[in-house]
Amino acid sequence: MDKPQVLVYVEQSLGYSAFDVRWVPRSAKVVALGSHPRGTGALQVYELNDGKLELVHDVERPKAFKCGTFGASSLEERHLCVGDFDGKMEIYDLQSPSGPIYSVKAHSQIVNTIDGVGGLNIGKGAPEIATGSRDGLVKVWDPRQKDRPVVTIEPKEGEQGRDCWSVAFGDSHSTEDRTLCAGFDNGDVKMFDLRTMAVRWETNLQNGVCSLEFDRKDIQMNKLLATTLESKFYIFDVRTLHPEKGFAKLVDQGHKSTVWCGRHLPQDRDVFVTTGGNGSLMLWKYSYPQSRVKKLDDGSEVGVVGTAVPLQNTTLASQPITSFCWSPDKTGLSVCSGLDQTIRVVIVTKLKTV
C-alpha cells in the first residue's frame, strides 16, 4: 500500500467510439472526440459533478474526429483544436461548440495526430498547431493566420510518403527555439528544428510509432518518450546529440501488446504512464544516471540514459486504452478512453511520495 494506487473514479459509457479525450484546463470538465457508427463526428463535453460525469454539450459533425489539443489556446479562451477523418483542422469554442470558429482543409486524408504549443502559458513564442496525416505530410499552423500553414514538412524527393501517426512539440524555452518530432507507421522518428528549418535527428524504431511526447514543452529538450506497436517504448535523453550515435536511449517492454500512448505527469516530468492494447495502464518513474554525459576516446561526448522503474500496473478495460490525459491542475487526476466505448476518470494516489 506504500506504492501509488490507480483507482477508477467514474466510468461513462458512450454511444460511439472515442479516439481522443482531453481534460479541459482549469475546470472539472473533459471533452471526448470520436466517431458515431454512421461515420459522423462526436464531440461531447462532460462535467464531473458529485461523482458523476454529466453531459454539458453534445455536438455531431459531418465527419468523425480523430484527435484534439488545447495546447495553442490561451487559458482564458481554452479553445479546442481538432483533426478529423476528412483532413480538416478545426477550432471550437467550448462555450458554444455547435460549429467551428476556425476551419481549414489541412490535409488530403485523415488527420491522425495533433499537438499545440504557445498557449496555456506553456512554451514561448507564437501559438502553433502541428498536424500529421495519412497523406505523409506534417504541417505547422498559426491559428491567427487563415488557410495556409506556416511550415509544411514533406518526404524527400523520391521518397514515398509514410502515414504520420504522432507529432510532439518541445524545446520551446525561448521565442526563437522550437522543435517538432514526428513518428510514422514504418517506425521512423524525425526531429525538426523549426528555427533552422532542418532535420536535427532521425532514427527508426522498427515498429509504427503510436505516440511521442517530450517530458516538458517549455524547457530546453530533456527527454523524449516514444511508444510503438509490438509492446515497446523508448526514452531518449535528448540533451546530448552525438553526430554518429545520435541520442542515448532506453528500451523497455511493459505491456504484452501495442503501447498506444505515453504521457508525462505535468507536475513531475519524471513520472509517466503508458497504456496498452490489452486495456492495461502502467505507471513509471524515470531515474537519471550519476552523469548524463560521457566523453569518448576521440573527445566527442555521448549521452547516458537512466532507468525506468514500474510503480504500478493495472488493467482498466478489456479493450485497448487509446488515449490518456492528465489534469493540468490536480496532481493524479486523469481521464482515458478505450475502444470499449467508455471514458474513465482515473485517480492515481501517492504521486508526491515517489
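A pocket is an open set of grid points with protein on both sides within 12 Å along at least five of seven lines. I kept that in mind for my first entry. The model I am reading is predicted.

**Entry 1**

I looked up the second largest pocket. About 340 Å³ of space lies in it. I then asked which residues are closest to its centre. Of the 23 lining residues, these are Ile 153, Glu 154, Pro 155, Lys 190 and Phe 192. Strand S13 (151-153), strand S16 (188-193) and strand S17 each give two or more residues to the lining. S16 supplies the largest share, 4 residues. I also sorted the lining by type: 10 residues are nonpolar, 5 are polar and 8 are charged.

**Entry 2: the sheet with S16 and S17**

Next I traced an open sheet of 4 strands. Its order is S14-S15-S16-S17, and the pairing is antiparallel. Which strands sit at the edges? They are S14 (164-170) and S17 (198-204), and each pairs on one side only. On average, neighbouring strands of this sheet are turned by 15° against each other, direction ignored. I checked one pairing in detail. S14 and S15 (residues 179-184) are antiparallel over 6 bridges. Gly 170 has Thr 179 in S15 as its bridge partner.

**Entry 3: a hairpin**

I moved on to strand S28 (residues 321-326). Is S28 buried or exposed? I found 6 of its 6 residues buried, so S28 is largely enclosed by the rest of the structure. S28 runs antiparallel to strand S29 (residues 333-338), and 5 bridges join them. Phe 324 has Cys 336 in S29 as its bridge partner. The hairpin of S28 and S29 has 6 residues between the strands. There, Gly 332 takes a positive phi near 90°.

**Entry 4: aromatic rings**

I looked up aromatic pairs and found 10 in the structure. In one of them, the rings of Phe 233 and Trp 284 have centres 4.9 Å apart. Their planes are at 70°, and edge-to-face needs over 60 degrees, so this pair is edge-to-face. Phe 233 is in strand S20 (residues 233-242) and Trp 284 is in strand S24 (residues 280-287). The two residues are 51 residues apart, so I noted a link between distant parts of the chain. Phe 233 has 0% relative accessibility and counts as buried. Trp 284, at 2%, counts as buried too.

I compared another pair. The rings of Tyr 234 and Phe 236 have centres 6.2 Å apart and planes at 10°, so they are stacked. Both residues are buried. Ring pairs link Tyr 234 and Phe 236 with Trp 201 and Phe 247 into a cluster.

Conventions: Residues numbered from 1 in each chain as written. Predicted model: local features only at pLDDT ≥ 70, side-chain atom pairs only at ≥ 80, totals over all residues. Heavy atoms only, no water. Pairing = 2+ DSSP bridges. Axes fitted to C-alpha atoms, helices over the stretch in contact; angles between N-to-C directions. 1 Å grid on protein atoms, 1.4 Å probe; cavity = no way out; pocket = protein on both sides within 12 Å on 5 of 7 lines; lining within 4 Å. Points joined across faces, edges and corners; volume = space filled by probe spheres on them. Nonpolar A, V, L, I, M, F, W, Y, C, P; charged D, E, K, R; others polar. Buried < 20%, exposed > 50% of the residue type's maximum accessible area, 1.4 Å probe, protein only. Phe/Tyr/Trp six-rings, centres within 6.5 Å; stacked < 30°, edge-to-face > 60°.
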